Amino acid sequence: MKKKILWKLILIGLTLILAIIFFLPNTPVFKYMPEWWKTNMPNKGIVLGLDLQGGLHLVFEVEGDKAVEITTDRYASRLRELFAKKNLTANVTVSGLTITITPSTTDIIKVVEDNYPTLATVETGTRLVYKISDKEAGRIKDTSADQALETIRNRIDQFGVSEPTIHRQGENEIVVQLPGVKDPKRAIDLIGKTAQLEFKLVADDVKVASEIPQTIAPGEEELLLSQFAGKIPEDTEILFEKKVNRETGAVRKLPILLKKQAALTGDLLSDAKVSIDTRFSEPYVSLSFNTAGANLFEEVTAANVKKRLAIILDNTVYSAPVIQERIAGGNAQITGNFTMEEAKDLSIVLKAGALPAPMKMLQNVTVGPSLGRDSIEAGKRAGIIGTIAVVIFMIFYYRFSGIIADFALLLNIILLLGAMASLNATLTMPGIAGIILAIGMAVDSNVLMFERMRDELRAGKTPRAAVDSGYDKAFWTIFDSHVTTLITAAVLFQFGTGPIKGFAVTLSLGVSINLFTALIGTKSIFDIINTKRELKNLSI
Amino acid sequence: MIELIKNTNINFLGKRNIAFVVSGILSVIGIIAVIQIATGHANLGIDFAGGTAIQFKFEKPVALHDIRLALEAGGLKDFDLQDLPSENKILIRVKKIDHKLGQVSETITSVLSQKVPDNKYVVDSITEIGPKVGGRLRADAARAVAVAVIGILIYVAFRFQFKFGVGATIATFHDVLAVLGLFFIMGREINLILVTALLTIAGYSLTDTVVVFDRIRENLKLKQKESVEAVMNTSINEVLSRTIITSTTVLLTSIALFFFGGEVLHDFSLAMIMGVVIGTFSSIFVASPIVLIWGGKRPFAKK
């Protein structure tokens, strides 16, 4: 009998020591521990959730359809080249996800089928209509999500955030968690920017170009586009440049007619850096092309001297300088009234590369650091006050046995914190609520036992017999009632998002540990008291 | 030995008709709330409805009225304001989302910096939820409640008998409906954190019910000669003390959370307080009578 108790005590002592070691990093004491301890012993502890330490939780949707559209576009222009090479006269037009080719001849069908087996036939007859097969479209969407994930990771790495979490969710969503970011808006812009860099020739030689107004007011873009909708040649488009007056700050938009086909794109860049303009001491971004890009740039500039070349980022023209001479060496620059931060972020996104498709933000939860601090303080306060209230109530109602229950309760709290720390679990605000509720529920097992013991005492049993049979009879009730709470906690864990998951974790850990402290902890104390001397009466 | 509740012999099951009226009213309110939520007439939180919520903390006290005027002048429509004057905090919520996500919060912050320039602020939190995520969270929450209820039914049916499972499930569902209904009537926000509270209440109330059922099962085996109703009454009286003590301790911590736990957990703890009270009521007055009314063969009779 005595031996059994000793083992139980050792078990309790060991778990207690372990719990304290694991939880130590979360206490101020950890600072004073020796260096070998800090490196070799558990040093992470409980991790604070985004809602407690402040930070961003973002969900983006990669618009996979756009990626398919872009690929369709690319297929169409390659087909045009192929037809030209084979001296076939064909008219290739793209609208959204379909490519339409006229005329419909066996030669043309052969070229398409030989070169693009992933194109599915939608219509044959007087004209040919193709679209990318569903299977291939699915693959493109999947790849674009993977690429977007990789690109975002690169951007965030260069932006500098400690311990970011970036992962895919579902078919086409990307979840980004950035703890402790000070400027949320900047981070969102940096991640969400498509950063599609293009160089396009300005179509000044087209007749209709002279009819387009020099400048318009912001907001009038749609109107202008609809006015010129049918008038401009099919291989051109109108994009806008934003001009800010240095003195007045007034904003005007400059419509520019451009060749649709990009002469050069951002995927040929090798580097992007922030530089400072000496005249206006204004930052700009200087670009360097890789070898292929540099050759192409030289070719394009040589063939188009005295024409204008527009630099376009995400369909906004940044500048459209006149090409004075052939440019070798592969350097270019983007200017445009940037602040230092804007220029730096632009260089980051250009270096990290463009997203394969635009992204839409689905969710943004930003928590400032001060709210997180307030929440932790409030949680601590509520926890301490709640615990004290329960402790006092138990002593008031159960006297000496109440003290035993309180001891079990404290053991419970320490073990719960230790267990969370050992798992490096994430503590969220609802998680704090879970701990505090677990404190309220923790005494239930003891209450169940005590009530049984009282029943047994009333029935005339000796204190020792009352303890034993009260404990035995309460066991299955305690077990059943814990399992039911665990069921709901499991459901919460399965379906909940971040903060709710944190709640499920603390509640279920709290309940499980409670089973241990009630069945092993409390019982041992009663046993110790009983073995020392047979109690005359039990203070319960 | 303090015994506040000593050898009671209250005829709980005899009062079942009164209890059923109370429960009936609570449940009907709850069902109305569910219908209103489903048809979009309830005060859904932005995590379910989609939209933008921003909380600002100002340096100096701000008048809600000034903020309202400033935002209206800035062209913002369909927003509601809430303040926490003790900490100079203002919560702005805009439920409509016909813009790109992020635009509304940008408008609000720029309007406030322009119109309230002499009072500096920090952004405590921004929550922007697009319609897709809102719909998904709604569906997830509904599914979570359904799965929890089924899980409870299966476990109790497995550990006891099917009709006990049904009794426990109805009692649990009753509590969830009642708290939801009360929140609806009070015009409080129905959001993710409330659903969390509801599921916690379900778990807690079930614990209460299981303890009662446990004693009923034990006594049904011991007292073969007494009627089922009498055994149920005795059992409820026997565990009454435990029911009340445990409810008190959980209530104590919920109240601590309500008063000291900060604004984030305010509604959560309010729901918990209601849930503990209603859950205790239902485990005494609702669960067992349902098993009794179900009738049939005496449960757990010796063969």
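Reader: Which domains does the domain assignment give for chain A?

Author: In this predicted model, chain A is assigned domain 1 (2–54 + 368–532), domain 2 (56–170) and domain 3 (193–352). Between the C-alpha centres of domain 1 of chain A and domain 3 of chain A the distance is 63 Å.

Reader: What makes A:R399 partly exposed?

Author: The label applies between the two cut-offs, 12 or fewer for exposed and 20 or more for buried. Around A:R399 there are 15 other C-beta atoms within 10 Å, so A:R399 is partly exposed. A:R399 belongs to helix 11 (residues 369–422) of chain A.

Reader: What is the phi of A:K306, and what is that of A:R399?

Author: Most residues other than glycine have a negative phi. A:K306 is not a glycine, yet its phi is positive, about 75 degrees. A:R399, also not a glycine, has a positive phi of about 50 degrees.

Reader: What is the omega of the cis peptide bond joining A:T102 and A:P103?

Author: Most peptide bonds are trans. The bond joining A:T102 and A:P103 is cis, with an omega of about -5 degrees. A:P103 lies in the loop between strand 4 (98–102) and helix 5 (106–115) of chain A.

Conventions:
Residues numbered from 1 in each chain as written. Chains lettered and ligands numbered in written order. Predicted model: local features only at pLDDT ≥ 70, side-chain atom pairs only at ≥ 80, totals over all residues. Helix = DSSP H or I, 4+ residues; strand = E, 2+ residues; numbered from the N terminus. Domains from an automatic or database assignment.
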